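Please read this briefing with the sequence and the structure side by side, and look up each residue as it is mentioned. The points below are grouped by topic, so that each group can be followed on its own.

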Amino acid sequence: MAEPILTAEGLGVAFETPDGTVRAVTDLSFTLNKGECLGIVGESGSGKSQTFLAALGLLADNGTASGTVTFQGQNLLDLTQQKLNTIRGDRITMIFQDALTGLTPHMRMGDQLGEVLIAHQGLTKTAAPQRVLDLITRLRIPDPEKRLRMYPHELSGGMRQRMMIAMALLCEPDILIADEPTTALDVTIQAQVLHLLGGLKKHTKTSIILVTHDLGVVAGLCDRVMVMYAGRMVEQALVNELFYDPKHPYTRGLLASMPRLTDDVGDKTGRLSAIPGQPPNLQDMPGGCAFAPRCAAVQARCHTERPPLTQRDGMRRLACHLEGAS
Ligand SMILES: Nc1ncnc2c1ncn2[C@@H]1O[C@H](COP(=O)(O)OP(=O)(O)OP(=O)(O)O)[C@@H](O)[C@H]1O
Ligand SMILES: [Mg+2]
């Protein structure tokens, strides 16, 4: 039976700018279950990162969050920065597109990883270095001793990303939020990082949220997928349901823009920009369905009535007028 570990209800994120209010996330409700990997996909600017930055109290100064994000019985949005600090990096870890953001610049990698062990697993200062070295060796990071003596900026992007995942493996957080963890990396390193994430999923109880542009990555790792468009959820389903039977025209567009296995491997980036047109201006949202101006199957009412998100068969949730509730 699925047991929720993180639940967002009516989450909103708004930024005040000189040109008006930017609504980055609107009325977003979703659940992450224990032990599952939830994929979040959507084009650039659809609100993926701000959703999780809001949950962890990391929004920019001009941003405010509304609604609730419940973790262990408390609304994260109500907590003080001090309380959030103890949750971040302990119970909930976030890794970013560039892992430099999550590492302490003036500490050698070995010391950073060692500190995690001392803090989370109660190891002594003398025992920690050997355990760190064991883990890094097991992760097949080449030249482990040399790498552990380095500072974060001395490592390559892919190596930093692997160190971040090692850190997550050491502290076994309840939740790991990986925001585009492989976007900046080349294909070989991507594969290694994904392999590590797969190991984390398999060997620990950590629940994973994986934010990505790459539907191939979602197919390989995630149990469930949430598709976002212009700050809202438009579809959610189990991975297989979504890949074999996408219902929302936007989801269909995303899948159609994905390179096929039979395609030449030249462009394996899975970029989602192939849907014609642009996402709407978040400062001036259209009255009806936000996707209507780009939708190949648009009907008259889509321009005036926003389709509510409703529960469909199985685990699916969908916000579209075209697909009647079945
Ligand atoms: N401080 C800010 N002030 C105003 N607008 C902001 C601010 N931070 C983010 N936004 C806007 O919020 C929207 C959602 O941003 P978000 O970072 O969540 O997108 P994303 O889905 O993660 O995109 P990407 O795939 O490019 O990372 C964007 O339109 C962005 O410009
Ligand atoms: Mg982002």
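**A loop residue to start from**

Arg149 sits in the loop that links helix H5 (144-148) and helix H6 (157-171). The model shown here is a predicted one, and every value below should be read with that in mind.

- Is Arg149 buried or exposed? Arg149 counts as exposed because its relative accessibility is 51%, and the cut-off for that label is over 50%.
- Although Arg149 and Met107 are 42 residues apart in sequence, their C-alpha atoms are 9.3 Å apart in space.

**The surroundings of ligand 1**

- Ligand 1 is surrounded by 16 residues, and the closest of them are Ser44, Gly45, Lys48, Ser49 and Gln50.
- By residue class, the shell around ligand 1 is made up of four nonpolar, nine polar and three charged residues.
- Ser46 takes part through its backbone, where a polar atom is 3.1 Å from an oxygen atom of ligand 1.
- On its own, ligand 1 has 640 Å² of accessible area, and the protein covers 70% of this.
- Strand E1 (4-17) and helix H1 (48-55) each contribute at least two residues to the shell around ligand 1, and H1 gives the largest share, with three residues.

**Helix H1**

- How many of the eight residues of H1 are buried? Six of the eight are buried, so that H1 is described as mostly covered.
- The buried residues of H1 are Lys48, Thr51, Phe52, Leu53, Ala54 and Ala55; of these, Lys48 is also listed among the residues closest to ligand 1.
- After H1 comes Gly57, which has a positive phi, near 70°.

**The open sheet of eight strands**

- Eight strands make up an open sheet with mixed pairing, and their order is E6-E7-E8-E3-E9-E10-E12-E11.
- Which strands lie at the edges of this sheet? The edge strands are strand E6 (92-95) and strand E11 (310-311), and each of them pairs on one side only.
- Within the sheet, strand E3 (residues 37-41) and strand E9 (residues 224-229) run parallel and are paired over four bridges; Ile40 has Met226 in E9 as its bridge partner.
- As background, the strands of a sheet pair through backbone hydrogen bonds, and the pairing may be parallel or antiparallel.

**Strands E1, E4 and E5**

- E1 and strand E4 (residues 63-71) are paired in the antiparallel sense over eight bridges, and Ala14 stands opposite Thr64 in E4.
- E4 is also joined to strand E5 (residues 74-75) by two bridges, and these two strands run antiparallel; the bridge partner of Thr70 in E5 is Asn75.
- Two residues lie between E4 and E5 in the hairpin that these strands form, and Gln72 in the turn has a positive phi of about 50°.

**Asn75 in strand E5**

- Asn75, which lies in strand E5, counts as buried because its relative accessibility is 16%, and buried means under 20%.
- The side chain of Asn75 reaches the backbone nitrogen of Val69 at 3.0 Å, and a polar atom of that side chain lies 3.0 Å from the backbone nitrogen of Leu77.
- Apart from neighbours within four places in sequence, Asn75 is in contact with Gly67, Thr68, Val69 and Thr70.

- Setting aside neighbours within four places in sequence, Thr251 is in contact with Val227, Glu235, Leu242 and Pro246.
- Thr310 is located in strand E11 and counts as partly exposed, at 29% relative accessibility.
- The side chain of Thr310 makes a polar contact of 2.8 Å with the side chain of Arg312; beyond neighbours within four places in sequence, Thr310 is in contact with Arg316, Arg317 and Leu318.
- Thr310 and Thr251 are 59 residues apart in sequence, and their C-alpha atoms are 16 Å apart in space.

Key: Residues are numbered from 1 along each chain as its sequence is written. Chains are lettered from A and ligands numbered from 1 in the order in which they are written. This is a predicted model: local features need pLDDT of at least 70, side-chain atom pairs count only at pLDDT 80 or more; totals for chains, interfaces and linings use all residues. Side-chain values use heavy atoms; hydrogens and water are left out. A residue is near a molecule or strand if one of its heavy atoms lies within 4 Å of it. A polar contact is a pair of N or O atoms within 3.5 Å; within protein, one must be able to donate a hydrogen and the other to accept it, and residues adjacent in sequence count only if both atoms are side-chain atoms. Accessible areas come from the Shrake-Rupley method with a 1.4 Å probe; for residues, only the protein chains shown count as cover. Ala, Val, Leu, Ile, Met, Phe, Trp, Tyr, Cys and Pro count as nonpolar, Asp, Glu, Lys and Arg as charged, and the others, Gly among them, as polar. Contact means heavy atoms within 4.5 Å. Two strands pair if DSSP finds at least two bridges between them. Buried means under 20% relative accessible area, exposed over 50%, partly exposed in between (1.4 Å probe, protein chains only).
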